[in-house]
Amino acid sequence: MRGSQQREDLSRELAAVLDRAVPLVVDELLRRVDLDAVIARLDLAKLADEVIASVDLPEIIRESTSAVQSETVREVRMRSISGDEAVGRAMERLRPRRRRAATHDEP
């Protein structure tokens with residue numbers, strides 16, 4: 001029990017030291033490294049080709065097109081339903097109402 005507690009304490013202390021030290025080390029590295037030189041050595045065109053080759057672009061296009069089509073069809077159906085309901089209400093208003101003949105059983 002005591003050994004695991006010491007390990008946990010040490011881990012917390014190490015994490016605290018790293019939290020302070022790592023940003024300082026990274027800042028110093030960035031000051032010393034010529035990033036322009038690093039970027040100049042990269043073959044960006046080749047890198048872009050590799051990224052594009054690794055992505056299944058046709059599948060992404062098919063999926064997004066399918067989703068857009070599905071949403072469009074759903075929207076057309078909903079508007080069609082609304083239109084049908086509006087036409088139905090208009091027809092009800094235009095249709096002449098027949099009055100029922102009053103039938104009273106009078107003695």
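Helix H1, spanning residues 2–32, contains 31 residues and extends 44 Å from its first C-alpha to its last, close to the 45 Å expected at 1.5 Å a residue; the expected span is 1.5 Å times one less than the number of residues. The model is a predicted one, in which local features need pLDDT of at least 70, side-chain atom pairs count only at pLDDT 80 or more, and totals for chains, interfaces and linings use all residues. Residues are numbered from 1 along each chain as its sequence is written, and side-chain values use heavy atoms, with hydrogens and water left out.

Overall, the protein has four helices and zero strands, in the order α-α-α-α from the N terminus on. Helices (H or I, at least four residues) and strands (E, at least two) are DSSP runs, numbered from the N terminus. The mean pLDDT, the predictor's confidence in each residue on a scale from 0 to 100, is 84 for the protein, and 89% of the residues score at least 70. Among the elements, H1 has the highest mean pLDDT (93), while helix H4 (residues 57–94) has the lowest (83). Where pLDDT is low, the predicted coordinates should not be read in detail.

What share of the 107 residues counts as buried? The value is 0%, with buried meaning under 20% relative accessible area, exposed over 50%, and partly exposed in between (1.4 Å probe, protein chains only). The accessible surface of the protein is about 10,700 Å², and 59% of this area belongs to carbon and sulfur atoms. These areas come from the Shrake-Rupley method with a 1.4 Å probe; for residues, only the protein chains shown count as cover.

Back in H1, a kink of about 30° lies at Ala21, shortly before the proline Pro23. The bend at a residue is the angle between axes fitted to the seven residues ending there and the seven starting there.

Salt bridges (a side-chain nitrogen of Lys or Arg within 4 Å of a carboxyl oxygen of Asp or Glu) number six in the model. One of them joins the side chains of Asp9 and Arg12, at 2.5 Å from N to O. Asp9 and Arg12 are three residues apart in helix H1, so about one helical turn separates them. Asp9 is partly exposed, at 28% relative accessibility.

The Glu28 and Arg31 side chains meet at 3.2 Å, N to O, whereas the closest N and O atoms of Arg32 and Glu28 are 2.9 Å apart. Arg31 lies three residues from Glu28 and Arg32 four, about one turn of the helix in the latter pair. An α-helix has 3.6 residues a turn, so residues three or four places apart point the same way. Glu28 is partly exposed, with a relative accessible area of 29%; Arg31, at 61%, is exposed, and so is Arg32, at 66%.
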